[in-house]
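Here are my notes for your first look at this model. Keep the structure open and follow the points in order.

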Amino acid sequence: MRKIIMVLATFALFFIWAPVADAADNLDVVFFHGRGCGHCAKSEALLEQMKDEHPEITVHSHEVYFDDDSRGLMFEFGRVYDVDVSGIPMMFIGNTVISGHRPQQIVSTIERCLEIGCPSSLEKVEADHENNGNPGAPEDTEASEALKKLTIPVVISAAAVDAINPCAFAVLILLITAVLSGGNRRRSTMAGLAFTASIFISYFLMGLGLYSAIAASGLSRTFYIVIAVLAILLGLFNLKDYLWYGKWFVMEVPMSWRPTMKKLVGGVTSVPGAFTVGFLVSLFLLPCTSGPYIIILGLLAKASTHAIAIPLLLLYNFIFVLPMLVITIAIAKGITTTKKAEEWRQGKLRILHLIAGIVILGLGLVMLGSVFLGHV
């Protein structure tokens, strides 16, 4: 009888102790986020709140915008869990993957795991490494492979196409002509340089803002596909301007905008005025100069971190404004005149559209091809 009582007591103690043991176990939450991502901040705040309520939760937080290793680790988790990790925030809790800020799913998943127990997502990835070697090294991750496709020559090519756009030439020549009417060559040179600097700053800031928005939205793959199709269309439209210039429409500043832009630029007589008007004119230039830029932003959002994207954006915009610098200096040195520069621009319009069409169409086809081949 004593033995039976001891056995029953042992079973009773086991069932009493088991839930306590489960509750004492740590729950690993692997959380991938980006600095400046609004949805990431909301998810992070929710996790902090749940950690306060449940000390057994351990959040392994990884910032992926500025940290290549964290970005590579995110792609490695995606490979092990067989999910697309093109967007953030992204959480791995046990066998569950939560993409985007989904508060109800986050809370219910964590509460369920605390109640019944869940396998560690960290141990799952580590076990995969033990069984299959260590494919998670940065140079072997999907992120690094995607980044290799975004080479400096691609950025330079797109920037060069954007730089030879006749729209920017026309505005700069108009500006220098207006300032030169005052008879001060030095002031016209400084105005040209100020205008160029203003365009550089405004385009860089617009690009950085759009890149950050795309990366934070979690739609980088979708945006990549949309941009690939857009690039093909822009390339075909530029080829249309080479074959039938002026028919239907032109890939330049809309005709209805030109009087306002000319009035705006033609009234500039000072260096500060040239710098200020550069920011305003950049908005007029967007319809005819933003095509290659948006293509590169789509590539950057899909394949790079902020730490890599910022230098590439700086490089792109420097190449974009380089012809403006050359024209300004050439006019200042007396190598050419505004009249000759404008005549050259008018004479090369169709050729410039041909070059732009071929390069942009080629980029679009390569991007779309990478999607169909499964590289993106």
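1. The model is predicted. Val 229, Leu 233, Leu 236, Phe 237, Leu 243, Trp 244, Trp 248 and Phe 249 form a nonpolar surface patch of about 810 Å². Find Leu 233 in helix α10, which spans residues 220-243. Leu 233 has 39% relative accessibility, so it counts as partly exposed.

2. Now the whole chain. It has 15 helices and 4 strands. Of its 376 residues, 45% are buried. The accessible surface is about 18500 Å², and carbon and sulfur atoms hold 65% of it. Take the contacts between residues at least 6 apart in sequence: 79% of them join residues at least 24 apart.

3. Look at the rings next. There are 9 aromatic pairs in the structure. One of them is Phe 32 with Phe 92: the centres are 5.9 Å apart and the planes at 85°, so this pair is edge-to-face. Phe 32 is in strand β1 (residues 27-33) and Phe 92 in strand β3 (residues 90-93), so the pair ties together parts 60 residues apart in sequence. Phe 32 and Phe 92 are both buried.

4. Stay with Phe 92. Its ring centre is 5.0 Å from that of Phe 77, with the planes at 50°, so this pair is tilted. Phe 77 lies in helix α3 (residues 68-81). Phe 77 is buried too. Ring pairs link Phe 32, Phe 77, Tyr 81 and Phe 92 into a cluster.

5. Finish with charges over rings. Lys 124 lies over the face of Tyr 81, 4.1 Å from the ring centre. The charged end of Arg 350 sits over the ring of Tyr 242, at 5.6 Å from its centre.

Notes. Residues are numbered from 1 along each chain as its sequence is written. This is a predicted model: local features need pLDDT of at least 70, side-chain atom pairs count only at pLDDT 80 or more; totals for chains, interfaces and linings use all residues. Side-chain values use heavy atoms; hydrogens and water are left out. Patches are made of residues with over 30% relative accessible area and no salt bridge: like charges are joined within 9 Å, nonpolar side chains (Val, Leu, Ile, Met, Phe, Trp, Tyr) within 5 Å. Accessible areas come from the Shrake-Rupley method with a 1.4 Å probe; for residues, only the protein chains shown count as cover. A salt bridge is a side-chain nitrogen of Lys or Arg within 4 Å of a carboxyl oxygen of Asp or Glu. Helices (H or I, at least four residues) and strands (E, at least two) are DSSP runs, numbered from the N terminus. Buried means under 20% relative accessible area, exposed over 50%, partly exposed in between (1.4 Å probe, protein chains only). Contact means heavy atoms within 4.5 Å. Rings of Phe, Tyr and Trp (its six-membered ring) pair if their centres lie within 6.5 Å; planes under 30 degrees apart count as stacked, over 60 as edge-to-face and the rest as tilted. A charge sits over a ring if NZ of Lys or CZ of Arg is within 6 Å of the ring centre and within 35 degrees of the ring normal.
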